Amino acid sequence: MPAEFRFIVFTPHEAAQALVKFCQKSGRRLPMGTVVRAEPVGGVAGEQPPTGLLRLLPDSGEEVKVKFEPQEVVSALLLFALDRKIPMPRDSEKVLESIRNRFALRIGYYPLEDGAAGKTAIAKATGK
């Protein structure tokens, strides 16, 4: 059976919403200010997954940048997808990438020879 891939690409605004909600759920404190956008840093295909950068504009007017590790970005994007009922197969590899300066989750389904799904789940995205 052939392998299957799909990409879920998030706009900078969606990625920012995902990271803010992740911080709320995980207890991570963010500086006060207006969320401007989120963007990937690095993450060229075949290299390490990108880190995340959340840009905030506080009342002082000087932009603040908050960094997120790839594992945090993956968790945030998966939470975002689940909240919006975007189908996400459990038995699939989920790899964080950067496509045109946007976060993307590459979803891969690798059936084994007998037709069963291979269980790699977030292995590449988290480095586990």
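1. The protein contains three helices and six strands, where helices (H or I, at least four residues) and strands (E, at least two) are DSSP runs numbered from the N terminus. From the N terminus on, these elements follow the order β-α-β-β-β-α-β-β-α.

2. The model is predicted: local features need pLDDT of at least 70, side-chain atom pairs count only at pLDDT 80 or more, and totals for chains, interfaces and linings use all residues. Residues are numbered from 1 along each chain as its sequence is written, and side-chain values use heavy atoms, with hydrogens and water left out.

3. Axes are lines fitted to C-alpha atoms, for helices over the stretch in contact, and angles run from 0 to 180 degrees between N-to-C directions.

4. Within this sheet, E1 and strand E6 (residues 102-109) run antiparallel and are joined by seven bridges. Glu4 has Tyr109 in E6 as its bridge partner.

5. A further open sheet of three strands has the order E2-E3-E4, and its pairing is antiparallel. Its edges are strand E2 (34-41) and strand E4 (64-68); each has a single partner strand, so one side of each lacks a neighbour in the sheet. Neighbouring strands here are turned against each other by 25° on average, direction ignored.

6. Seven bridges pair E2 with strand E3 (residues 51-57) in the antiparallel sense. Arg37 has Arg55 in E3 as its bridge partner. Helix H1 (residues 12-26) packs on this sheet and touches E2, E3 and E4, with its direction at about 105° to that of E2. Contact means heavy atoms within 4.5 Å.

7. Of the 128 residues in the protein, 39% are buried; buried means under 20% relative accessible area, exposed over 50%, and partly exposed in between (1.4 Å probe, protein chains only). The largest nonpolar core has 26 residues, and those with the most contacts inside it are Leu54, Phe68, Leu77 and Leu105. At least two residues of this core come from each of E1, H1, E3, E4, helix H2 (70-83) and E6. A nonpolar core is a set of buried Ala, Val, Leu, Ile, Met, Phe, Trp, Tyr and Cys residues joined through side-chain atoms within 4.5 Å.

8. Not counting residues up to four places away in sequence, Leu105 touches Arg6, Phe7, Ile8, Phe10, Val74, Leu77, Leu78, Val95 and Leu96.

9. The protein has one aromatic pair, for which rings of Phe, Tyr and Trp (its six-membered ring) must have centres within 6.5 Å; planes under 30 degrees apart count as stacked, over 60 as edge-to-face and the rest as tilted. Phe10 and Phe80 form this pair edge-to-face, at 5.9 Å centre to centre and with 75° between the planes. The pair links distant parts of the chain, with Phe10 in strand E1 and Phe80 in helix H2, 70 residues apart. Both Phe10 and Phe80 are buried.

10. Among contacts between residues at least 6 apart in sequence, 57% join residues at least 24 apart.

Methods
Pairing = 2+ DSSP bridges.
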